[in-house]
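Please read them with the structure open.

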Amino acid sequence: ATTSNAFGAAAIGSAGIGSLNEVGVCRSGYIYGQVPAGQVTVKGNPIFVWAAASSGVHVLGGLESSYTAGSTVQLAGAYFANVADSSGNVELEFNI
């Protein structure tokens, strides 16, 4: 089966770009993520990513609400859109 021309007429499940060379790119929007439970997020504050080896509640590639020297990097153009719930679920906003 194939998709319509609006989606590049690529066979479903194929790895290549369709014949029209169209690629969908999302440059801004909202998505849900999760910080370790108990971390406090503040609307508008930057988002950090744990870039060190996993340790305790900190997971390599996981989201963090605060900077830790040598362990986190700031996710450029991304901010918390709200406060996290008790499980650490939080809405993120990004604009790249």
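1. Strands β2 and β3 run antiparallel and are joined by 2 bridges; strands here are DSSP runs (E, at least two residues; helices would be H or I, at least four), numbered from the N terminus, and two strands pair if DSSP finds at least two bridges between them. Within β3, L63 is the bridge partner of V49.

2. A word on the basis of these notes: this is a predicted model, in which local features need pLDDT of at least 70 and side-chain atom pairs count only at pLDDT 80 or more, while totals for chains, interfaces and linings use all residues. Residues are numbered from 1 along each chain as its sequence is written, and side-chain values use heavy atoms, with hydrogens and water left out.

3. On its other pairing, β2 is joined by 4 bridges to strand β4 (residues 72–80), and the two run antiparallel; here V49 stands opposite V73. Of the 5 residues in β2, 4 are buried, so that the strand is mostly covered; buried means under 20% relative accessible area, exposed over 50%, and partly exposed in between (1.4 Å probe, protein chains only).

4. The sheet as a whole is open and has 5 strands in the order β1-β5-β4-β2-β3, with antiparallel pairing. Because β1 and β3 (63–64) stand at the edges, each with a single partner strand, one side of each is left without a neighbour in the sheet.

5. For the remaining pairings, β1 and strand β5 (residues 89–95) are antiparallel over 7 bridges, with Q34 opposite N89 in β5. Strands β4 and β5 also pair in the antiparallel sense, over 3 bridges, and A78 stands opposite F94 there.

6. Which residues make up the largest nonpolar core? It has 8 residues, namely V35, I47, V49, L63, A78, F80, V90 and L92, where a nonpolar core is a set of buried Ala, Val, Leu, Ile, Met, Phe, Trp, Tyr and Cys residues joined through side-chain atoms within 4.5 Å. To this core β2, β4 and β5 each supply at least two residues. Leaving aside neighbours within four places in sequence, I47 is in contact (heavy atoms within 4.5 Å) with several residues, including L63, A78, F80 and L92.

7. Q39 deserves a separate look, since its place is in the loop between β1 (28–34) and β2 (46–50), yet at 18% relative accessibility Q39 counts as buried. Its side chain is joined to that of E64 by a polar contact of 2.6 Å, and it also reaches the backbone nitrogen of S65 at 2.8 Å; a polar contact is a pair of N or O atoms within 3.5 Å, of which, within protein, one must be able to donate a hydrogen and the other to accept it, and residues adjacent in sequence count only if both atoms are side-chain atoms. Not counting residues up to four places away in sequence, Q39 touches H58, E64, S65 and A84.

8. Finally, T72 is found in strand β4 and is buried, with a relative accessible area of 6%. The side chain of T72 reaches the backbone nitrogen of T68 at 2.8 Å, and, apart from neighbours within four places in sequence, T72 is in contact with F48, V49, W50, A51, E64, S66 and Y67.
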